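Good morning, colleagues. Please look at the sequence and the structure on the screen while I go through several local features.

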Amino acid sequence: MRYSPVRSNPRVLALLLAGGQGSRLAPLTEARSKPAMPFAGTYRLIDFALSNLANSGIRNVWVVEQYKPFELNQHLANGRPWDLDGTYEGLRILPPFEGSKRDGFAEGNAHAIYQQIPKLKESGAEHVVVMSCDHVYQLDLRPVLEQHEKTDADVTIVTTHIDEKPSRYSVVTVDKDSRVTDFQYKPESPNGQTVATEVFVYKTSVLVETLEKLAQEVTASASKDIGEEDESEDSLGQQLGDYGERLLPALVEGGRAFAFPLKGYWRDLGTVDAYFGAHMQLLDGTGVQLGDPEWPIMTNTVGLPPAFIDQTATIGHSLVAAGARVSGEVEHSVIGPGVTIESGAKVSRCILLGDNHVTKGAVLESVIADIGATFDAGQVGETKPGPGNITIVQPPSPGIG
């Protein structure tokens with residue numbers, strides 16, 4: 001069913017959790033947050049969450065930041081690329097700050113939501129859409145919200161079926177009425193292949209009540225022998241942790257957690273292998289569809305000239321971004337903005353993020369090159385591609401995040 005564009009829904013607030021360090025993507029995330037990672041030569045990972053929200057008519061969007069936000073904030077540009085730069089509604093940045101016991105650095109995504117409770121109460125929103133920013137997918141949230149209200153759910157978990165081992169995800173069991181009957185957080189022995197996509201719709205009042213109750217239980221259990229409460233922020237944050245540890249199991253136990261199946265492509269790009277694999281799927285035609293005019297993936301574009309393809313160039317099965325200059329051989333690769341590939345250079349199964357220079361005689365195989373990395377003549381990378389055989393090359397000074 002196609003949904004036409006609609007006006008903003010003031011009863012819905014979106015909370016994007018964009019503060020994680022992304023250590024599994026290191027060293028690519030040493031100088032930037034994971035949501036700011038480039039994708040497909042044109043986009044950033046956060047573009048998918050923001051575009052899904054904007055296309056769904058959700059205009060009140062809060063971005064929770066923590067780790068190296070500089071590059072991400074430059075890209076967000078106050079929400080303008082997604083038409084989220086309104087005066088009374090639009091994109092709002094929520095950085096960590098010092099103040100009360102509740103404030104400071106978050107110890108997990110459930111703790112990050114808990115820190116926003118005062119603002120959530122003030123917002124007046126009836127429902128909160130909580131999303132991570134390191135997944136590639138397309139999702140219309142309007143039918144999700146319709147089901148959420150129809151079932152009177154405390155939480156609606158958007159799910160998908162995966163073929164890989166699901167132990168690094170949250171595995172859910174769903175009955176014939178779409179009710180979630182079991183929730184396993186990163187289980188060693190998963191009981192199925194249906195996983196949470198890290199897109200959730202919460203009833204605001206229940207979310208706030210549950211988090212406050214969990215925080216009280218944690219604080220009470222940490223009480224000192226003399227009856228005083230341990231007011232350590234680290235203790236509370238570590239105990240609340242990620243939402244798969246306490247928050248979602250509590251809501252599932254309450255009996256009003258429902259699942260909404262996502263149909264179509266979805267991939268978590270939290271690891272180097274997954275990041276590389278998503279690009280290869282994109283080139284193979286099995287990945288995310290970027291060219292749907294009815295569901296555009298919007299981004300903060302920079303004015304660059306069209307890509308220049310020299311007469312000496314041979315390019316096959318690749319994406320070449322604006323500002324690139326290709327004179328050499330490129331096969332099954334993503335060439336980012338400002339990349340130069342000289343005549344006599346060969347690039348195969350590579351992702352060059354931008355402003356890279358590949359000189360004559362250089363041969364690149366299964367390489368991810370961070371922005372600004374250069375290559376002299378010689379072989380770089382594995383000739384036999386596969387998991388763990390991806391070479392990451394960075395410039396001498398990766399810059400600031």
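This is a predicted model: local features need pLDDT of at least 70, side-chain atom pairs count only at pLDDT 80 or more; totals for chains, interfaces and linings use all residues.

Tyr-202 is buried, with a relative accessible area of 0%; buried means under 20% relative accessible area, exposed over 50% and partly exposed in between, with a 1.4 Å probe and protein chains only. Residues are numbered from 1 along each chain as its sequence is written, and side-chain values use heavy atoms, with hydrogens and water left out.

Tyr-202 belongs to the largest nonpolar core, which has 39 residues. A nonpolar core is a set of buried Ala, Val, Leu, Ile, Met, Phe, Trp, Tyr and Cys residues joined through side-chain atoms within 4.5 Å. The members that touch the most others are Leu-15, Ile-113, Tyr-202, Tyr-243 and Leu-248. Helix 6, residues 204-221, supplies the largest share of this core, with seven residues. Helices (H or I, at least four residues) and strands (E, at least two) are DSSP runs, numbered from the N terminus.

I turn now to the aromatic rings. The whole structure holds five aromatic pairs. Rings of Phe, Tyr and Trp (its six-membered ring) pair if their centres lie within 6.5 Å; planes under 30 degrees apart count as stacked, over 60 as edge-to-face and the rest as tilted. In Phe-39 and Phe-48 the ring centres are 5.6 Å apart and the planes stand at 80°, so this pair is edge-to-face. Phe-39 is buried at 1% relative accessibility, and Phe-48 is buried at 0%. The rings of Phe-200 and Tyr-202 are 6.0 Å apart between centres, with planes at 35°, and therefore count as tilted. Phe-200 is likewise buried, at 1%. Ring pairs also join Phe-39, Tyr-43 and Phe-48 into a cluster.

Next comes helix 9. Its 13 residues, 272-284, reach 18 Å from the first C-alpha to the last, close to the 18 Å expected at 1.5 Å a residue; the expected span is 1.5 Å times one less than the number of residues. Ten of the 13 residues are buried, and helix 9 is thus mostly covered. Among the buried ones are Tyr-275, Phe-276, His-279 and Met-280. Just after helix 9, Gly-285 adopts a positive phi of about 85°.

Five strands form an open, parallel sheet in the order 14-17-20-23-26; two strands pair if DSSP finds at least two bridges between them. Strand 14 (308-309) and strand 26 (374-375) are the edge strands, each pairing on one side only. Strand 14 pairs with strand 17, residues 325-326, over two bridges in the parallel sense, and Ile-309 stands opposite Val-326.

Where does Ala-324 lie? This residue is in the loop between strand 16 (319-320) and strand 17, and at 1% relative accessibility Ala-324 counts as buried. Ala-324 and Ile-309 are 15 residues apart in sequence and 8.2 Å apart in space, C-alpha to C-alpha. Beyond four places in sequence, Ala-324 touches Ala-307, Phe-308, Ile-335, Gly-336, Gly-338 and Val-339.

Terms used: Contact means heavy atoms within 4.5 Å.
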